[in-house]
Structure formats: structure tokens, C-alpha cells
Amino acid sequence: MGSTAAPERVGEEAWAEFCVRVDAALSEYLRGGCARVRYRNWCVTLDTNIVPAGAAAAVVTRVRAPFVGRGFRFKLQRRDLLDALARRLRIHTSETGQSDFDREFVVRSDDEAAVRRLFDDPAIRRLIASQPSINLEARGGDGPFGASLPAGVDELVLRAPGFVTDRERLRRLFALFALLLDRLCATGDAGAEGPGVTL
């Protein structure tokens, strides 16, 4: 697993400046369970959600942002026992090309080249590795029971179990989102323009 050190910069902002701007949103989230932060042309939403968990339900903390997509979809999570079973059943997974990272995380996507481009950034890998539990996904909508998105707009969503209240961890989630959005644009897998929709 890589270093958990914070990045020196997030986009054009120093880490300290980024944290000051995000902290106001974190206070709002801790009071009311939802907050939004503007980053360039995107609106990043932090909230909690109830998801089915067997016969019960579980709370997850979500960070989400709509973006202009170019068709690249992926799912990332830490490796677990179910992943070992999937490998035995030869269910396709993508490799990032970063051996230490690939030992800890599994990525599913139809576009292996885009996966390698996205996770070639060491700051992104460090921030993902700093999270004890993470589920990260680029998808075309919020599922069959969620909000639909306009054509050409995808959603980047991260889920962490429980109601996350640790400010440093939440800052890292926002920083991860900012870096992922920047990287998707830099690799040509997303458009830098605003998506015209807020979650």
C-alpha cells in the first residue's frame, strides 16, 4: 500500500487552501447530512445513503459528481474473498499496471487502456490507498431506482461504509474526486465543460 501523505496541491490550489474551502462544506454535512462543493466546472455532492445489506440496510457515505462522459465506465474496490471467487470463475478484471496497487484493488472495466491512463497518477493511487474501505465507480446513472442523467453525462461516485465524520478522511475524499475529474479530462475520457446538472 502506498503512502497516505496528503497531496501538496489539488488542481491549482495548495492543499491548505483546498482544505479551508472544503471545511465549510464539511460543517454543513456534519450538521445536515449533505453538502456541495464547487470544483472548477463540477459540483461535488457529499451525503449519506441507505443501501440494502441482506435482510437489513446499511448507511454509506457518498461523494458524487456528474461530468461530461466519453463512454469510459469502471468500478474499483479493495480485493476481498468474493474477488478471489470471481477470479476463479474467470470474471474479467482490468489491471492498472501498478503491481502494488493491483494487489490491493480490483478494477472492472471494458477499457483497459483508459484504466491504465487514469490510475497512472501516483497522487490518485495514494489517496485511494489511504481509505480503509472504498467503492469507486464511473457510471451512466444512479441505477434503476435513482436519478437519471441526461445523454452524454456520467456520474463519478464513491461509497464508504457508515456515516463518515472524520474531517481529514472527508478532505481526502474531496481531493480524490478533484484529482480524478482533472485526470479524466487530461486523458480525454471526460469533458472539462460543466455537465449542466447537479445531483
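Predicted model: local features only at pLDDT ≥ 70, side-chain atom pairs only at ≥ 80, totals over all residues.
Residues are numbered from 1 along each chain as its sequence is written, and side-chain values use heavy atoms, with hydrogens and water left out.

**Whole chain.** Select the protein chain. Its secondary structure comes to six helices and 10 strands; helices (H or I, at least four residues) and strands (E, at least two) are DSSP runs, numbered from the N terminus. Of its 199 residues, 48% count as buried. Buried means under 20% relative accessible area, exposed over 50%, and partly exposed in between (1.4 Å probe, protein chains only).

**Helix 6.** Select residues 167-186. These 20 residues reach 28 Å from the first C-alpha to the last, close to the 28 Å expected at 1.5 Å a residue; the expected span is 1.5 Å times one less than the number of residues. Helix 6 is largely enclosed by the rest of the structure, because 15 of its 20 residues are buried. At its start, look for Asp166: one of its side-chain oxygens reaches to within 3.3 Å of the backbone nitrogen of Glu168. Past the other end, find Gly188, which follows helix 6 and has a positive phi, near 85°.

**Helix 5 against helix 6.** Show the side chains: Ala123, Ile124, Leu127 and Ile128 of helix 5 meet residues of helix 6 including Arg172, Leu176 and Arg183. Contact means heavy atoms within 4.5 Å.

**Phe119.** Next, select Phe119, in the loop between helix 4 (112-118) and helix 5. Phe119 counts as buried because its relative accessibility is 0%. Not counting residues up to four places away in sequence, Phe119 touches Phe74, Leu76 and Ile128, among others. Phe119 and Arg183 are 64 residues apart in sequence, and their C-alpha atoms are 8.8 Å apart in space.

**Arg40.** Finally, go to the loop between strand 3 (34-39) and strand 4 (42-53), where Arg40 is found. Arg40 has a positive phi, near 50°, although it is a residue other than glycine. Its relative accessible area is 45%, so Arg40 is partly exposed.

Note on methods
Polar contact = N/O pair within 3.5 Å; in protein donor to acceptor, adjacent residues only side chain to side chain.
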